[in-house]
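Please keep the sequence and the structure in view while reading.

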Amino acid sequence: MLIPKSFRIRGVKHTVHIARTLKPKAYGRTNPAVGTIELATHYGYVQRGPIAMAETFWHEVVHCILFDMGDPRWKDETFVVSFSRRLADVVQTAELGGA
């Protein structure tokens with residue numbers, strides 16, 4: 001999956017920044033109030049693969065969507081992990097075609 005440079009949620013632009021690593025150590029993070037997502041290509045010295053990067057992207061997007069909705073679960077990592085894994089499954093296995 002190609003990671004977008006930016007996207008909009010209900011008209012609010014979110015910008016995606018790719019970095020080698022994040023401090024403190026993290027796969028990704030978001031500041032939905034400002035509209036930024038940061039993704040790490042490495043965790044420590046280990047390079048992350050494209051599927052892991054995509055899953056992290058969708059994880060951070062779910063945080064942003066829930067924040068936009070005013071849903072307090074935007075900070076609930078257990079919920080966001082569960083939802084974003086399923087969303088990533090849909091995106092990664094979608095068979096495109098037809099109307």
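Is Val90 buried or exposed? With a relative accessible area of 54%, Val90 is exposed, where buried means under 20% relative accessible area, exposed over 50% and partly exposed in between (1.4 Å probe, protein chains only). The model is predicted, and local features need pLDDT of at least 70, side-chain atom pairs count only at pLDDT 80 or more, and totals for chains, interfaces and linings use all residues. Residues are numbered from 1 along each chain as its sequence is written, and side-chain values use heavy atoms, with hydrogens and water left out.

**Helices and the nonpolar patch**

Val90 is found in helix 2, which covers residues 77-93; helices (H or I, at least four residues) and strands (E, at least two) are DSSP runs, numbered from the N terminus. Together with Met1 and Val91, Val90 forms a nonpolar patch on the surface, with about 260 Å² of accessible area for the three together. Such patches are made of residues with over 30% relative accessible area and no salt bridge, with nonpolar side chains (Val, Leu, Ile, Met, Phe, Trp, Tyr) joined within 5 Å and like charges within 9 Å, and accessible areas come from the Shrake-Rupley method with a 1.4 Å probe, where for residues only the protein chains shown count as cover.

The axes of helix 2 and helix 1 (residues 50-69) come within 8 Å and cross at roughly 125°, which makes helix 1 oblique to helix 2. Axes are lines fitted to C-alpha atoms, for helices over the stretch in contact, and angles run from 0 to 180 degrees between N-to-C directions; angles under 35 degrees count as roughly parallel, over 145 as roughly antiparallel, 65 to 115 as roughly perpendicular and the rest as oblique.

In the loop between helix 1 and helix 2 lies Asp76, which is partly exposed with a relative accessible area of 31%.

**Salt bridges**

A salt bridge is here a side-chain nitrogen of Lys or Arg within 4 Å of a carboxyl oxygen of Asp or Glu, and by this rule the count comes to two.

| Salt bridge | Closest N to O |
|---|---|
| Arg73 and Asp71 | 2.7 Å |

In the pair of Arg29 and Glu38, Arg29 is partly exposed at a relative accessible area of 29%, and Glu38 is likewise partly exposed, at 27%. In the other pair, Arg73 counts as partly exposed at 37% relative accessibility, whereas Asp71 is buried, with a relative accessible area of 13%.

**Strands, loops and backbone**

Gly28 lies in strand 3 and is buried, with a relative accessible area of 17%. The C-alpha atoms of Gly28 and Trp74 are separated by 15 Å, although these residues are 46 apart along the chain.

Most residues other than glycine have a negative phi, and most peptide bonds are trans. Arg10, however, has a positive phi, near 50°; Arg10 is placed in the loop between strand 1 (6-9) and strand 2, and at 76% relative accessibility Arg10 counts as exposed. The peptide bond joining Lys23 and Pro24 is cis, with omega about -5°, and Pro24 lies in the loop between strand 2 (12-19) and strand 3 (28-31).
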